[in-house]
Amino acid sequence: MSRSLPLSAHRFSSQEVSQRQSQGSEDTIADKSSTTGSASQRKMLRRSRRKSLAVLGVVFALSAGCLYLLFSSFPELSQADKQYIRLPRNLDDAKELGRVLSQYTDTHFLHVVIGYCCTYIFLQAFAIPGSIFLSVLSGYLFPSALALFLVCLCSANGASACYILSDLVLGRNVVARWFPEKVELWKGRVSQYGWVDLLSSLIFLRITPFLPNWFINIASPVIGFPLSIFFIGTFIGVAPPSFLAVMSGTQLYELTSATDFVTGRAIVMIGLVAVMALMPIVFKRLLGKRLETPRVGQD
């Protein structure tokens, strides 16, 4: 008996060693497969990003080409005026562009309106700075009511185009990569909110400068924000600041800076409108708490 114990122990240890060896080989194979899988995933992600960038570049080139053809179909411009038909990068560019276009608003009004709208939507769709100067320019070229309507309509269409490009092309990879935790948090909130809460929240964000508009446009499809509410909220939300820009455009040549219309009184007015935009959410929460509170004397 005493001699058989070492032999059994030796057998058991050899079996254990073989099991450990097999387990170690399986772990090694699993590590290699996981490494290979992660490498293939990274390669697929890089390929997907290149494809998305290529698609975005093609869409941008086609849009820019269509915009060029549109302005090429304008009535014959003098050589001195042609140099000012370009995207305004500052207030001086907006003034020169307004001077040139104002010569054609009476005789070629439709051409000017279409060119203005297409340019505004182009800037918004590709998140290119300069739409603020077009908002100011609209007050100079068109009647105030029409100018405000065009700015709101072009902003909503351009933001929706940016929304669609983000959803189909590149936005999901970019936003989910840089803000993964916030994306999940915002997705949960959007799924819980009703359309009134979503609309009020978007109007508030459009009025206030807490988040840049380009980020709202790109992130909205990623967190599941409905496009229909996005369009309506953008149309309404950009109206208060656009109204100030349009009014300042009526005195375009008296402006020295694009922020001249941002006065203390204007900030207070916009702040009040922003608070009013949140009133539906506040009333809904208060009403919900009252309904949940049991009545006095009720069992």
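## Surface and basis of the model

The accessible surface of the chain comes to about 18,700 Å², and 64% of this area belongs to carbon and sulfur atoms (Shrake-Rupley method with a 1.4 Å probe). Of the 299 residues, 34% count as buried, that is, under 20% relative accessible area.

The model is predicted: local features need pLDDT of at least 70 and side-chain atom pairs count only at pLDDT 80 or more, while totals for chains, interfaces and linings use all residues. Residues are numbered from 1 along each chain as its sequence is written, and side-chain values use heavy atoms, with hydrogens and water left out.

## Overall fold

The chain contains 14 helices and 0 strands (DSSP runs of H or I with at least four residues for helices, and of E with at least two for strands, numbered from the N terminus). Among contacts with a separation of 6 or more, 79% come from residues 24 or more positions apart; contact means heavy atoms within 4.5 Å.

## Packing of H6 and H12

Two packed helices are described by the angle between their axes and the distance between the axes. For H6 (residues 144–168) and H12 (residues 239–249), the angle is about 135° and the axes lie 10 Å apart. Axes are lines fitted to C-alpha atoms over the stretch in contact, with angles from 0 to 180 degrees between N-to-C directions. H6 and H12 are therefore oblique to each other (angles under 35 degrees count as roughly parallel, over 145 as roughly antiparallel, 65 to 115 as roughly perpendicular and the rest as oblique).

On the H6 side, Ser144, Ala147, Leu148, Val151 and Cys152 meet Ala239, Ser242, Phe243, Val246 and Met247 of H12. The residues of this contact comprise 8 nonpolar, 2 polar and no charged (Ala, Val, Leu, Ile, Met, Phe, Trp, Tyr, Cys and Pro count as nonpolar, Asp, Glu, Lys and Arg as charged, and the others, Gly among them, as polar).

Technical notes: Buried means under 20% relative accessible area, exposed over 50%, partly exposed in between (1.4 Å probe, protein chains only).
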